[in-house]
Amino acid sequence: MREYDITSDADGVTIEMKGVAGRQEKMLSAFQECASGHCTCPTDEYEKVERLDVDAGTDDITLHLRTKAGAELDTHEISACLAYQIQNTGA
């Protein structure tokens, strides 16, 4: 994967990944596990996520993590989780 950006707002966090062509299936499968509450990331940030929306293009994936009421996601922990998923999917 060439690059990714993480931005936060009042509703949660958005992750935009570029350069994922050929690796999308593995990455989307890993993110689906997180969305279903079976995340293998070395963090408990996924417990704060109410909903995970995924948009996938030809060479990009955008994740929208919406937080539970009163929760706030730590972008450093999200970055660590993303690095873990990238390493495990060979992206």
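For the classification used here, Ala, Val, Leu, Ile, Met, Phe, Trp, Tyr, Cys and Pro count as nonpolar, Asp, Glu, Lys and Arg as charged, and the others, Gly among them, as polar. On this basis, the lining of the largest pocket in the predicted model comprises 14 nonpolar, three polar and four charged residues. The volume of this pocket is about 290 Å³, and of the 21 residues that line it, those closest to its centre are Cys34, Tyr46, Val49, Leu52 and Leu65. Both helices and strands contribute to the lining, with at least two residues supplied by each of helix 1 (24-35), strand 3 (49-56), strand 4 (60-67) and helix 2 (75-89).

Two of these contributors, strand 3 and strand 4, also belong to an open sheet of four strands, in which the pairing is antiparallel and the order is 1-2-4-3. The edges of the sheet are formed by strand 1 (3-9) and strand 3, each of which pairs on one side only. Direction ignored, neighbouring strands of this sheet are turned by 15° against each other on average.

Within the sheet, strand 2 (residues 12-18) and strand 4 run antiparallel and are joined by seven bridges; Met17, for instance, has Ile61 in strand 4 as its bridge partner.

How values were computed:
Residues are numbered from 1 along each chain as its sequence is written. This is a predicted model: local features need pLDDT of at least 70, side-chain atom pairs count only at pLDDT 80 or more; totals for chains, interfaces and linings use all residues. Side-chain values use heavy atoms; hydrogens and water are left out. On a 1 Å grid over the protein atoms alone, a cavity is a set of points where a 1.4 Å probe fits but cannot get out, and a pocket is an open set with protein on both sides within 12 Å along at least five of seven lines; lining residues have an atom within 4 Å of a point. Grid points are joined across faces, edges and corners, and a volume is the space filled by probe spheres set on the points. Two strands pair if DSSP finds at least two bridges between them. Axes are lines fitted to C-alpha atoms, for helices over the stretch in contact, and angles run from 0 to 180 degrees between N-to-C directions.
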